[in-house]
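Visitor: I'm new to reading protein structures. Could you walk me through this one, feature by feature?

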Amino acid sequence: MIPSDHFTRFYNEVYKFLETRGEEDLELYWLAISKNQERHILELIETKGLQGMYEYWSVIEEEENCDMDIMVDDDHIELRMNECPSLSKVQDNDAAPMGRYCDHCAGWIGPIMDKTGYHLVYDVISRTEPRCVMKVFKDEAKAREAEKSAQLLMGWPGREQHRS
């Protein structure tokens with residue numbers, strides 16, 4: 001088993017390699033991760049909706065020791081990552097981080113939200129700061145309104161870009 005410190009560094013190097021091969025290869029990799037993650041979250045979303053998402057990310061918060069705030073109400077869920085452990089570990093080594101490292105999160109969760117009919121707004125804020133805000137809405141109009149306040153809005157494979 002690879003320790004999490006090495007796992008994020010391994011991912012970083014894979015992303016850098018795939019980026020040299022082209023955007024299509026990178027997106028195909030993120031879609032493969034997304035398909036794998038469906039085993040862990042799809043049923044929770046389909047059976048419990050936003051509450052299922054809360055359950056999933058509450059476990060991630062604890063297992064990955066995230067400095068994260070999670071808020072859920074009847075309309076949406078919001079994850080405010082105050083200190084991303086993944087990007088922090090990638091930045092804390094002698095290999096340069098991939099410039100688009102943060103894109104992998106939206107790259108795997110975006111297709112799942114599309115598949116389940118929810119609307120993702122993923123504000124990375126900055127590609128060099130280990131923090132972000134992810135919001136998932138039931139209502140598309142509310143998601144599009146929330147996009148207007150995003151600092152750096154992430155896209156994902158298959159997503160129609162409303163704003164870049």
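Guide: Let's start with a definition: a nonpolar core is a set of buried Ala, Val, Leu, Ile, Met, Phe, Trp, Tyr and Cys residues joined through side-chain atoms within 4.5 Å. Buried means under 20% relative accessible area, exposed means over 50%, and partly exposed is in between (1.4 Å probe, protein chains only). Before we use that, two notes on the source. This is a predicted model, where local features need pLDDT of at least 70, side-chain atom pairs count only at pLDDT 80 or more, and totals for chains, interfaces and linings use all residues. Residues are numbered from 1 along each chain as its sequence is written, and side-chain values use heavy atoms, with hydrogens and water left out.

Visitor: Which residues of the largest nonpolar core touch the most other members?

Guide: The general idea is that in soluble globular proteins, nonpolar side chains tend to be buried together. Here the largest nonpolar core has 41 residues, and Met53, Trp57, Ile109, Met113 and Tyr122 touch the most other members. Helix α2 supplies the largest share of this core, six residues. There is also a second, separate core of six residues, with Val121, Ala146, Ala150 and Leu153 among them.

Visitor: What does Tyr122 touch?

Guide: Contact means heavy atoms within 4.5 Å. Leaving out residues up to four places away in sequence, Tyr122 touches Cys105, Ala106, Ile109, Cys132, Val133, Met134, Leu152, Leu153 and Met154.

Visitor: Let's zoom out. How many helices and strands does the protein chain have?

Guide: Helices (H or I, at least four residues) and strands (E, at least two) are DSSP runs, numbered from the N terminus. The protein chain has six helices and four strands, and along the sequence they follow the pattern α-α-α-β-β-α-α-β-β-α.

Visitor: And how do I read the overall size?

Guide: The radius of gyration is taken over C-alpha atoms, and the globule rule is 2.2 Å times the number of residues to the power 0.38. The protein chain comes out at 15 Å, close to the 15 Å that the rule gives for 164 residues, so it is as compact as a globular protein of that length. Along its principal axes, the C-alpha trace spans about 45 × 30 × 30 Å. Of the 164 residues, 45% count as buried. Among contacts with a separation of 6 or more, 56% come from residues 24 or more positions apart.

Visitor: At what angle do the axes of helix α2 and helix α3 cross?

Guide: Axes are lines fitted to C-alpha atoms, for helices over the stretch in contact, and angles run from 0 to 180 degrees between N-to-C directions. The axes of helix α2 (residues 23-48) and helix α3 (residues 50-63) cross at roughly 145° and come within 6 Å. On the α2 side, the contact is made by Gln37, His40, Ile41, Leu44, Ile45 and Lys48, and on the α3 side by Leu50, Gln51, Gly52, Met53, Glu55, Tyr56 and Trp57.

Visitor: Now a single residue. Is glutamate 83 buried, exposed or partly exposed?

Guide: Glutamate 83 counts as partly exposed, because its relative accessibility is 40%. You'll find glutamate 83 in strand β2 (residues 76-83). Beyond residues up to four places away in sequence, glutamate 83 touches Asp67, Ser88 and Pro130.

Visitor: With which side chain does glutamate 83 make a polar contact?

Guide: A polar contact is a pair of N or O atoms within 3.5 Å; within protein, one must be able to donate a hydrogen and the other to accept it, and residues adjacent in sequence count only if both atoms are side-chain atoms. The side chain of glutamate 83 makes one with the side chain of serine 88, at 2.9 Å. Serine 88 lies in helix α4 (residues 85-91) and is buried, because its relative accessible area is 19%.

Visitor: What about histidine 104?

Guide: Histidine 104 is in helix α5 (residues 103-116) and counts as buried at 9% relative accessibility. A polar atom of the histidine 104 side chain lies 2.5 Å from the backbone oxygen of tyrosine 101. Not counting residues up to four places away in sequence, histidine 104 touches Tyr15, Trp30 and Ser86.

Visitor: Last one: how do I read phi?

Guide: Most residues other than glycine have a negative phi. Asparagine 65 has a positive phi, near 50°; asparagine 65 sits in the loop between α3 and β1 (67-72) and is exposed at 66% relative accessibility. Isoleucine 125 also has a positive phi, of about 70°. Isoleucine 125 lies in the loop between β3 (119-123) and β4 (132-137), and is buried with a relative accessible area of 12%.
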